[in-house]
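I opened this entry to record what I looked up in the structure.

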Amino acid sequence: MAFSLQLNSPPLLPRSPCGKKLFQPSGITRRSSPSLLSSPRSLFTRQTLRTHSIVRASSSPAAIAEPDGIKINSVPSSPIEGQKTGTSGLRKKVKVFMQENYLANWIQALFNSLPPEDYKNGLLVLGGDGRYFNKEAAQIIIKIAAGNGVGKILVGKDGIMSTPAVSAVIRKRKANGGFIMSASHNPGGPEYDWGIKFNYSSGQPAPESITDKIYGNTLSISEVKMAEIHDVDLSKTGITKYGFFSVEVVDPVSDYIELMESVFDFQLIKNLLSRPDFRFAFDAMHAVTGAYAKPIFVDKLGASPDSISNGVPLEDFGHGHPDPNLTYAKDLVNIMYGDNAPDFGAASDGDGDRNMILGKGFFVTPSDSVAVIAANAQAAIPYFHSGPKGLARSMPTSGSLDRVAEKLNLSFFEVPTGWKFFGNLMDAGKLSICGEESFGTGSDHIREKDGIWAVLAWLSILAFRNKDKKPGEKLVSVSDIMKEHWATYGRNFFSRYDYEECESDGANKMIDYLRDLVSNSKAGKKYGSYTLQFADDFTYTDPVDGSVASKQGVRFVFTDGSRIIYRLSGTGSAGATIRIYVEQFEPDVSKHDLDAQIALKPLIDLALSISKLKDFTGREKPTVIT
Ligand code: VG1
Ligand code: CO
């Protein structure tokens, strides 16, 4: 694919070795900067601004400029409360997003938050997970982008492009940034959720410095700049030009496949997937990886077509909850724990950035998965042939990765929950493999977690370990690899309890209560058989740019290394979701086969009693146990 457009502006938040953000706070200030006003594009900017002040008082859309043949309307609008970005983008019930100007306000507030030179005449990417309302939303985003002077938008065909693929395309095409229309693992359809995420030029989710600014601008918005152009036909690839602005509908898969082929040894994986004694199962959960699974696993890697289930993306994910865990990916779990189970099973979420890895009758926790990938990457994955640069995990993720970092003598980082915290470390060359306990695993090949990447990483490890096995010889299995890993490093038993859609009031009170408890807790205090080492509310200082994120999870850490962590989810769309994470290290191999729920029972009971969860929420049982 050739692109005629050349960026004439520096990319948004360029990757710089020292990691300094070049983001300037006020777009308005920048608009009137002398350098901009002397450039040809600024003529448009000035004209827009001048006319803008005239039409602001108007109650109906008014044309404010007609540069290069496009009519830009100033649509009067006013602030809507509650447009604050959570852990990953803005997520609400779709009915909320469908209210007049709801999405438009947020998109316009985003443009109001960026320096104009970072998008004027620039290139943006637009993708999504295929959920209900994406098609209408895509047309709104395209029109506002054109209204704000963006030069070109690359859109995935039918509005489909996974979160990792958007990150990959932003990087490959040197785009200024991109939008992802997805509420990720949240269910979709007229009664459920919708969401929008913004990633900037390194392909990384926008940091809080940007999302806070967007929120601020949603509170003072008075107009939306909309280009008067007809809807783009997203069902066919190709370029549509509108004066200075153009839209290119692209195949959402090809750039991503090319990247995967450069990271992994596809022939090695193909040899494994073609063996008659190895069976593979992938559940796309009727979500975005449906578009990627057949081209990659079947067409490129030789898996049988019937190894892919729920492979067609649907607007409501086939009435499913596209969250690859033991509760919501039940179909795959039943297959993998049933008679004659395949050797390897995996699933991915709504927007394709999460993964679940299963062996025959065996579940790999995401915390263990990233540790195994890190320990085996150099041998099995060409991208890491000179060894990973550094490892990192989110704070609640278990310490199994820490042990790999120690053994391989790699630098190691613990960041708050949310992938946006890994990007600076990657840009600074300090980090290559990282993960979250929430089924997120990835590397610095892009700046998002990557579900299909994780599946290919596991297939690479299995393929590498079995490459010399003759037909009929017993293959090294997922559980063999995991047990070997525990024998080498010890096992970090880990479990997460989710209490979804609790009353916000009770949940907030519980967290306040825990914060009080933390401030009164002293080292040495006894909690049952556990002795407190420290308790705190996790604060992170980014080692690259010095930015500080506080209140990222209440931790109780005990002298034997066991931990209990409490957080409120930042991705829900109704009420509050409480997450409790418990972890305990077990060096004794003879205990490694214990079920995690049994091994962790005393700690789980302690977590419930410390927090008085039942009293605060009235909940007897969690909604999801991982
Ligand atoms: C959850 C996970 C977090 C993940 C985030 C986005 O956030 O815990 O680890 O990064 O979802 O994932 P929270 O605040 O609900 O705990 V995705 O795949 O939904 O974009
Ligand atoms: Co996701």
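**Ligand 1 and its surroundings**

I began with Ser184, where a side-chain N or O atom is 2.6 Å from an oxygen atom of ligand 1. I note that the model is predicted. I then looked up Ser569 and found a polar side-chain atom 2.6 Å from an oxygen atom of ligand 1. For Asp349, I recorded 3.1 Å between an N or O atom of the side chain and an oxygen atom of the ligand.

Which residues come nearest to ligand 1? I listed Thr87, His185, Ser438, Gly570 and Thr571, out of 20 residues around the ligand.

**Helices H13 and H14**

H13 covers residues 366-380 and H14 covers residues 400-407; I noted an angle of about 15 degrees, with the axes 8 Å apart. H13 is therefore roughly parallel to H14.

On the H13 side, I found Ser367, Asp368, Val370, Ala371, Ala374 and Ala375 meeting Ser400, Leu401 and Val404 of H14. I classed the residues of this contact as 6 nonpolar, 2 polar and 1 charged.

**Helices H9 and H16**

I looked up H9 (residues 254-263) against H16 (residues 451-466): their axes come within 11 Å and cross at roughly 30 degrees. These two helices are therefore roughly parallel to each other. The crossing of H9 and H16 is right-handed.

I recorded Tyr256, Met260 and Val263 of H9 in contact with Ile452, Trp453 and Leu456 of H16. The contact residues comprise 6 nonpolar, no polar and no charged.

Methods: Residues numbered from 1 in each chain as written. Chains lettered and ligands numbered in written order. Predicted model: local features only at pLDDT ≥ 70, side-chain atom pairs only at ≥ 80, totals over all residues. Heavy atoms only, no water. Axes fitted to C-alpha atoms, helices over the stretch in contact; angles between N-to-C directions. Helix = DSSP H or I, 4+ residues; strand = E, 2+ residues; numbered from the N terminus. Parallel < 35°, antiparallel > 145°, perpendicular 65-115°, else oblique. Contact = heavy atoms within 4.5 Å. Nonpolar A, V, L, I, M, F, W, Y, C, P; charged D, E, K, R; others polar. Near = heavy atom within 4 Å. Polar contact = N/O pair within 3.5 Å; in protein donor to acceptor, adjacent residues only side chain to side chain. Left-handed = near helix turned anticlockwise from the far one by under 90°.
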